[in-house]
Amino acid sequence: MSRPGDFLVDASDSEYLKIEAAINEIKAGMFSDASTVTRASYSASNQTILSANRARRTYKIYNDSDRILYVKEGAIATTTDFSYKIKPEGFYEPRDCRYRGRIDGIGASGGSGGYQVTELS
């Protein structure tokens, strides 16, 4: 017995099969099969944090230093040209990662420590 809001679908319907395939593709893209964790020393010079990676699903950066880390989704981060900044002992993970290009970072001068980066693909 059906309830209000229920609907029946003919599983042989070609439109239904297209929708089901699209849903399965979305579900497959929601999970990662591989994780790469790297650690870098803090630097007041620009560094590439992550190289471009078309397989990237998301990434996470933990600032394990005593100064702000400026991060740019793109090439050459500076303390005035950046996408976001991570406070000391701070963490960043994009809510909806759609960027798969190069990510650079630079620390404020005089800092020490490092940062940890996890890339899921």
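I took strands as DSSP runs of E of at least two residues, and helices as runs of H or I of at least four residues, both numbered from the N terminus.

**Entry 1: what I am looking at**

I noted at the outset that this is a predicted model, in which local features need pLDDT of at least 70 and side-chain atom pairs count only at pLDDT 80 or more, while totals for chains, interfaces and linings use all residues. Residues are numbered from 1 along each chain as its sequence is written, and side-chain values use heavy atoms, with hydrogens and water left out.

**Entry 2: the chain overall**

For burial I used relative accessible area with a 1.4 Å probe and protein chains only: buried is under 20%, exposed is over 50%, and partly exposed lies in between. By that rule 27% of the 121 residues of the chain are buried. I then looked at contacts, meaning heavy atoms within 4.5 Å; among those between residues at least 6 apart in sequence, 80% join residues at least 24 apart.

**Entry 3: the sheet with β3 and β8**

I traced an open sheet of four strands in the order β1-β8-β3-β6, with antiparallel pairing. Its edge strands are β1 (35–41) and β6 (91–92), each of which pairs on one side only. Between β3 and β8 I recorded eight bridges, in the antiparallel sense; along them Tyr 59 has Glu 119 of β8 as its bridge partner, and Lys 60 has Thr 118 of β8. On the β6 side, two bridges join β3 to β6, again antiparallel, and there Ile 61 stands opposite Tyr 92.

**Entry 4: the other sheet**

I found another open sheet of four strands, ordered β2-β7-β4-β5 and paired antiparallel. Here β2 and β5 are the edge strands, each pairing on one side only. The antiparallel strands β4 and β5 are joined by three bridges, and Val 71 stands opposite Tyr 84 in β5.

**Entry 5: the nonpolar cores**

I counted as a nonpolar core any set of buried Ala, Val, Leu, Ile, Met, Phe, Trp, Tyr and Cys residues joined through side-chain atoms within 4.5 Å. The largest one has twelve residues, among them Ile 49, Tyr 59, Ile 61, Val 71, Tyr 84, Cys 97 and Tyr 115. At least two residues of this core come from each of β2 (47–50), β3 (58–65), β4, β5 and β8 (113–120). A second, separate core has five residues, including Tyr 42, Tyr 70, Ala 77 and Ile 106.

Is Arg 56 buried or exposed? I found Arg 56 in the loop between β2 and β3, and it counts as buried because its relative accessible area is 0%. I took a polar contact to be a pair of N or O atoms within 3.5 Å, where within protein one must be able to donate a hydrogen and the other to accept it, and where residues adjacent in sequence count only if both atoms are side-chain atoms. The side chain of Arg 56 reaches the backbone oxygen of Gly 101 at 3.0 Å. Not counting residues up to four places away in sequence, Arg 56 touches Leu 50, Cys 97, Tyr 99, Ile 103 and Glu 119, among others.

Asn 63 has its place in strand β3 and counts as buried because its relative accessibility is 0%. Which backbone oxygens does the side chain of Asn 63 reach? I noted that of Arg 67, 2.9 Å from a polar atom of the side chain, and that of Ile 86, also at 2.9 Å. Beyond four places in sequence, Asn 63 touches residues including Leu 69, Ile 86, Pro 88, Gly 114 and Tyr 115.

**Entry 6: Thr 80**

Thr 80 counts as exposed because its relative accessibility is 72%. Its C-alpha atom is separated by 8.7 Å from that of Tyr 70, ten residues apart along the chain.

Terms used
Pairing = 2+ DSSP bridges.
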